[in-house]
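Hi,

Here is the structure I promised to pass on. Have a look at it first, and then read on for what I found.

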Amino acid sequence: MKKEILQFHEVKLVYHTKRGETTAAENLTFSVREGEFVAIIGPSGCGKTTLLSLAAGLLKPSEGRVESTGSFGYMLQKDQLFPWRTIEKNIFLPLEVKRQNTPEHRERARVLAEKYGLKDFLQSFPSQLSGGMRQRAALIRTLATDPDILLLDEPFSALDYQTRLNVTEDVSEIIRSEGKTAILITHDISEAISLADRILVLSARPAHVAYTHELNFGEVKNPLKRRETPQFSGWFETLWKELNG
């Protein structure tokens with residue numbers, strides 16, 4: 001079994017406001033293995049995005065601890081590409097921020113872009129690309145610094161349904177081909193089933209892991225092909241009941 005790259009140990013998070021205290025998470029315990037694709041679902045407002053902030057160290061637990069042996073890359077709901085920069089320069093942006101803007105790192109990022117279908121668009125501007133291509137560019141930008149763990153915060157939610165299906169296939173292929181660990185936050189049960197190796201179901205606030213499921217699709221990793229399998233509807237029914245029970 002592969003080693004654990006991220007661990008939450010009985011994490012509690014309390015927000016302090018003028019109106020008092022709000023407990024966002026309590027006894028939040030789970031781990032993620034190297035190379036694993038984990039999807040996290042839960043009721044609206046339960047703190048799924050907060051979990052990513054805790055993982056990345058942007059928030060500190062009030063109690064418990066978060067341990068990680070890897071670096072992080074963050075992919076948000078919108079692509080956040082700068083409109084005045086070419087796709088190539090957008091992809092290089094994290095290298096500039098992290099002071100890794102060397103010829104070697106730029107070449108690696110450029111090779112990634114060319115490998116995954118952006119070769120003819122590197123000198124284009126974001127406004128010249130479709131929504132799907134922009135999200136692909138955003139993922140390559142996230143990969144530019146070679147992070148160990150990708151934090152995906154509903155990265156497909158701004159796309160129309162057809163584009164969303166195509167982009168999830170692209171993103172799945174890229175992440176698995178590059179051997180990355182990924183944690184996906186999503187409201188879409190079907191999306192979670194089609195992409196993940198394992199699904200964590202969070203409770204209502206204060207959030208904790210109510211259910212954990214290892215998905216049994218065998219060697220079927222392609223998101224669209226998973227949707228065609230007999231077990232897909234069974235998983236959907238199970239997760240729907242857990243979220244709405």
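Does R164 count as buried or exposed? With a relative accessibility of 17%, R164 is buried. Keep in mind that this is a predicted model.

Now compare E154, which you'll find in the loop between β6 (149-153) and α5 (161-177). E154 is buried but has no salt bridge. For E154, the nearest side chain of opposite charge is again R164, at 5.7 Å, and a salt bridge needs the nitrogen and the oxygen within 4 Å. What the E154 side chain does have is a polar contact with the side chain of H187, at 2.8 Å. Beyond its neighbours within four places in sequence, E154 is in contact with Q77, I185, T186 and H187.

Back to α6, residues 189-195, where S194 is found. S194 is buried, with a relative accessibility of 1%. Leaving out residues up to four places away in sequence, S194 touches K221, P223, R226, R227 and F232.

K221 pairs with D197, the closest N and O atoms being 3.4 Å apart. That is another link between distant parts of the chain: K221 is in the loop between β9 (209-214) and α7 (223-227), D197 is in the loop between α6 and β8 (198-202), and 24 residues separate them. K221 is partly exposed at 31% relative accessible area, whereas D197 is buried at 15%.

In total the structure holds 19 salt bridges. Another of them joins E237 and K241, with the closest N and O atoms 3.2 Å apart. These two are four residues apart in helix α8 (residues 231-244), so about one helical turn separates them. E237 is partly exposed at 45% relative accessibility, and K241 is exposed at 53%. There is also a network, in which salt bridges with shared partners join R33, E36, R198 and E214.

The other part to look at is helix α2 (residues 87-97). Eight of its 11 residues are buried, so α2 is largely enclosed by the rest of the structure. The buried residues are I87, E88, N90, I91, F92, L93, P94 and L95, and they pack against α3 (103-115) and α4 (131-143). The axes of α2 and α4 come within 7 Å and cross at roughly 35 degrees, and the crossing is right-handed. I87, N90, I91 and P94 make the contact from the α2 side, with A137, I140 and R141 on the α4 side. After α2 comes R99, which has a positive phi, near 55 degrees.

On α3, take a look at R106. R106 is partly exposed, with 24% relative accessible area. Apart from neighbours within four places in sequence, R106 is in contact with F92, L95 and N101. The C-alpha atoms of R106 and A144 are 8.0 Å apart, although 38 residues separate the two along the chain.

Cheers

Key
Residues numbered from 1 in each chain as written. Predicted model: local features only at pLDDT ≥ 70, side-chain atom pairs only at ≥ 80, totals over all residues. Heavy atoms only, no water. Buried < 20%, exposed > 50% of the residue type's maximum accessible area, 1.4 Å probe, protein only. Lys, Arg positive; Asp, Glu negative; His and termini not counted. Polar contact = N/O pair within 3.5 Å; in protein donor to acceptor, adjacent residues only side chain to side chain. Contact = heavy atoms within 4.5 Å. Axes fitted to C-alpha atoms, helices over the stretch in contact; angles between N-to-C directions. Left-handed = near helix turned anticlockwise from the far one by under 90°.
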